[in-house]
Every structure is written in structure tokens, then in C-alpha cells.
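Visitor: I would like a quick tour of this model. Please keep it brisk.

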Amino acid sequence: MKRKYYCLSLLTLLLTASLVHAGETGTTVKADSLRDAPFSDAKVITTVSASTPIEILKKNKGWYQITTPQGKGWMRMLSIRRGDAKQSGKGNQLTGLASLTSGRAGTGKVVSTTGVRGLNEEELKAAKFDEKQIALAESYLSSRDEAQKYAARGKLKSQQINYLPEPAQGGAK
Amino acid sequence: MKVLHLISCATLTLCAYAAPVSAFDFGQELRNAARELKKPAPSSSLGGYSEQEEVAIGRQIAGNLLGAAPLVQDKKLQKYVNNIGRWVASQSERPDLPWHFGVIDTSDINAFAAPGGYIFVTRGLYLLLEDEAALAGVLAHEIGHVIKKHHLKILQQSKMLDMGSKFLGKQIGGNDNIEKLIGSGAEIVSRSLDKNAEFEADRMGVVLAARAGYDAYGLPGVLQQIGHASANDSSVALLFKTHPLPDERLSKLDEAMDSRFDNLNGLNLGKRLYRIK
């Protein structure tokens, strides 16, 4: 996908996997069915147990197409966590995932890989009000009508969906 | 989160003091004083600000944030995110707020919401987006914060709250007074919200995006990207400091979404996503 994308990936290094690259690794975070199509009523090929290393091939809405030791098929995206050994440079995908799930990610060794400093708390605290910028931002306002027309051009149709209830405490499936 | 923690500490402290007061019977006045202390301050009740006040507070915060990181100079981009954001916000309970959206020029990966409908995505985060559904999901999460007034709650719970109601009551429009309320610069956007506020905004985000006709998995897809390879990247330091880790957010979304979105045919609009030049 996108040559442009590869240029950007030089900047943000680890983070620009704009589409799932063939061969990107991941792991299952819970046991789930592997299906022959990205639908909940598609045929079940097999069940893959939790913590299985997998390879992610494609994404389709809430589904990833993956290869597992038990074969190829589709699994719900949220039963999987992406993690790529090659990109993280750790040589072992499980190391990367382990550091992520143990809550150490982003808090321990913060090493700049980009050489460009972003927003930090000190900068935010010291920030001074910029009237020109806020006025410029406000000048881009889209009215409801304008936004609706733009949505219609993309064939977006609004749907009635209730907000999700908060899952019960400890209510993991 | 930090703020709530402080509040619970304060409550504990109050209880700790209240108990000995009763136990040693230092007198009715002291007991009354303790009871008074335990009552929530009147100004901490939510919805204490008019919409006009809320927007004025948000404008000040947004203007300060833009002082730290200006808009990306790309009118088409800014107009595009306003179209998408306004359409998603139109699916919410507050469709008529003067919603403003923007992409700010920093390589950091983050998004910010200020009261009254000011929402900004960083260039670093924008560059990760795969399609319009992903943008809609990210904006919808921030819209959720605005609708639930999560940041206003922080202001009202903080030490500035008393000042706030006094200053804003009659003197709205004076930047100095609002500045006193929001503290230094755009510091408020770097404060952690309660974890549950983030999970709530995630749940609202997937629903608002789906209501707008998008694939509901745009936001979870972005969280997958942010989570999987960024442990050592400074561009997510602030995001990870102020939010639960993506892994935990994805688990919560998994529980909440379950199979509820299986029969919706939301769009992704990958080709329509505006690419920053």
C-alpha cells in the first residue's frame, strides 16, 4: 500500500503499519474460533488456544485473517494483539508483547527513536494562548448540514445504535 | 485518575479525622464541622456551567494547546476532519454544540478534547490512520469525553473549582478569569482522567462511529497499531502516561462490544481518507 506510507514510516519508525503487512506477527489473547470467512456465522475451522503466536495477513472490519500452527483462517480482531518481532527489533515477538501486557510499556525506558520531540507536559504547561490559531481553527467549522452532505457523498447512512453498557466487573468472557 | 485518587485520599483523611472526633467527643461543634467538611462543595455539582461558559473554557484551553502545537498548514486537511468530526458529533446527544476539529503539528501520537467541543488529533496519530473509519473512531472517542464533560469534571473537582463558579458566574468572556480556572497553559489536557472515563469514551466512540455509518472497529484498529510496537517510542509517552494502555482498552472493548456489531455493515472509506502531503 502506498509508497507514501513507507516514507512516513521512516519518521515514525515502529508505528506506521498502515495496513497489516503480510508476515506481521501477533498473538492470541484468548481462545477463539478460527473461521473460513470474516463473519460470526462462517464455518469454524478449528479453535485456537490463548497465547498462540500467529501471523496476520489481512484485516477486514473487526476480523484479522491469520495463519496459525493449525492453519489459516479468520479470527476476531479483539482476540488478538498485534506485535511484530522484526519491527520492534527485539528479535523475539513474545518479549515485546510481554513488556506491553505487563504494563511496563511506555513508562520505563523512553527512548526517542525519531529524534523529534513531541508534546510533553512542560510544553503544554508553558503554552501561551494563540488567538490567531484558535480563530483559524474556528474558521474551518463545518455546519451539521455541510457535514451531512459530505457524509452522503461517501454513502454513509446513520443508524440507531444504543450506547454499550459498562461490562460487569470481572465479567471477562 | 490522579485527581480522583487525590479526592479519595481526601475522603479517607476526612473519615480518619471524623472518627476520632466522634470517639473522643470533642464536642458538638467539631462534629458539625466534620459533617460540613464531608459535604461536597456546592459548586462541584455537574452541569454547573452554561453551554456558553463551557465553550469559553474550551476555547481558552484549545487556544493554549495551539500555542504549544499549531494547526498543520493544510486547509483541505482541516476542513476534511471538520466534516468527518461534525458528522460523527451529529450522532450524539449534543449535535448543536459548535464542534471544532483540527490536526495539530506534532509528531506525538495523541488526541485531545476540551470542553465545548474543541477536538484535536496530532499529525503523528493522523499518519497512523488506515481509513476514514479509523479517523471517525478516534474523533468519536474525544467526542465522548466532551459529551460526558470529563474534563469539566476535572476542573470542578480540582482546587480551582470554587474560583470557577465565582469567576464564571458573571464574568464570562474575560480570558484572565478563565485562565485562572484552567491553570497553566494547556496543562489540563495532559492530566489523566479516571480510567473508567477512558473506557467509557472508548465504548461511546465505537457506537458513535457506527451510528455515523462507519465500521465500528476503526478505533480498536488504531489501538492495536498504537499498542503493538511502541513500547520504546517517546511519541506515545504522554498518551501512555495519561491513558490506560491500549492492551487494557482493547480487552475492555472486547468485553463491551462482544458480537453486538456483527450484523452492521459499516463503511471504512479507505480511499477517501485525506492523506497529508
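Guide: One definition to start: a residue is buried if 20 or more other C-beta atoms lie within 10 Å of its own. Keep in mind that this is a predicted model.

Visitor: Is Ala237(B) buried or exposed?
Guide: Ala237(B) lies in helix H12 of chain B, residues 237–242. The cut-off is 20 or more C-beta atoms within 10 Å. Ala237(B) has 22 C-beta neighbours inside 10 Å, so Ala237(B) counts as buried.

Visitor: How many Å apart in space are Ala237(B) and Ile109(B), C-alpha to C-alpha?
Guide: In sequence, Ala237(B) and Ile109(B) are 128 residues apart. In space, C-alpha to C-alpha, the value is 8.6 Å.

Visitor: Is Tyr80(B) buried or exposed?
Guide: Tyr80(B) sits in helix H4 of chain B. The same test applies. Tyr80(B) has 21 C-beta neighbours inside 10 Å, so Tyr80(B) counts as buried.

Visitor: What separates the C-alpha atoms of Tyr80(B) and Ser251(B)?
Guide: Along the chain, Tyr80(B) and Ser251(B) are 171 residues apart. Their C-alpha atoms are separated by 31 Å.

Visitor: Which strands stand at the edges of the three-stranded sheet in chain B?
Guide: This open sheet of chain B has mixed pairing and the order S1-S3-S2. Strands S1 (100–104) and S2 (111–114) of chain B each have a single partner strand, so one side of each is left without a neighbour in the sheet. The edge strands are therefore S1(B) and S2(B).

Visitor: By how many degrees are neighbouring strands of this sheet turned against each other on average?
Guide: Direction is ignored here. The average for neighbouring strands is 15 degrees.

Visitor: Which residue in S3(B) stands opposite Val103(B)?
Guide: S1(B) and S3(B), residues 118–122, run parallel and are joined by five bridges. Opposite Val103(B) stands Val121(B).

Visitor: At about what angle does helix H4 of chain B run to S1(B)?
Guide: H4(B) spans residues 75–89. This helix lies across S1 and S3 of chain B. Its angle to S1(B) is about 140 degrees.

Visitor: Are H6(A) and H4(B) roughly parallel or roughly perpendicular?
Guide: H6(A), residues 144–153, packs against H4(B) with the axes 8 Å apart and an angle of about 100 degrees. Angles of 65 to 115 degrees count as roughly perpendicular. H6(A) and H4(B) are therefore roughly perpendicular.

Visitor: Which residues of H4(B) make the contact with H6(A)?
Guide: H6(A) contributes Arg144(A), Glu146(A), Ala147(A), Gln148(A), Tyr150(A) and Ala151(A). By class, the contact has four nonpolar, two polar and three charged residues. From H4(B) come Asn83(B), Arg86(B) and Trp87(B).

Visitor: What word describes H10(B) relative to H13(B)?
Guide: The axes of H10(B), residues 195–211, and H13(B), residues 246–257, come within 10 Å and cross at roughly 50 degrees. That angle makes H10(B), relative to H13(B), oblique.

Visitor: Is the crossing of H10(B) and H13(B) left-handed or right-handed, and how many charged residues has their contact?
Guide: The crossing of H10(B) and H13(B) is right-handed. Residues that meet there include Asp202(B) and Arg203(B) in H10(B), and Arg249(B) and Lys252(B) in H13(B). By class, the contact has five nonpolar and no polar residues, and its charged residues number five.

Visitor: What percentage of chain A counts as buried?
Guide: Chain A has six helices and seven strands. Its length is 173 residues. The buried share is 32%.

Definitions and conventions
Residues numbered from 1 in each chain as written. Chains lettered and ligands numbered in written order. Predicted model: local features only at pLDDT ≥ 70, side-chain atom pairs only at ≥ 80, totals over all residues. Helix = DSSP H or I, 4+ residues; strand = E, 2+ residues; numbered from the N terminus. Buried ≥ 20, exposed ≤ 12 C-beta atoms within 10 Å, placed from the backbone. Pairing = 2+ DSSP bridges. Axes fitted to C-alpha atoms, helices over the stretch in contact; angles between N-to-C directions. Contact = placed C-beta atoms within 7 Å. Parallel < 35°, antiparallel > 145°, perpendicular 65-115°, else oblique. Left-handed = near helix turned anticlockwise from the far one by under 90°. Nonpolar A, V, L, I, M, F, W, Y, C, P; charged D, E, K, R; others polar.
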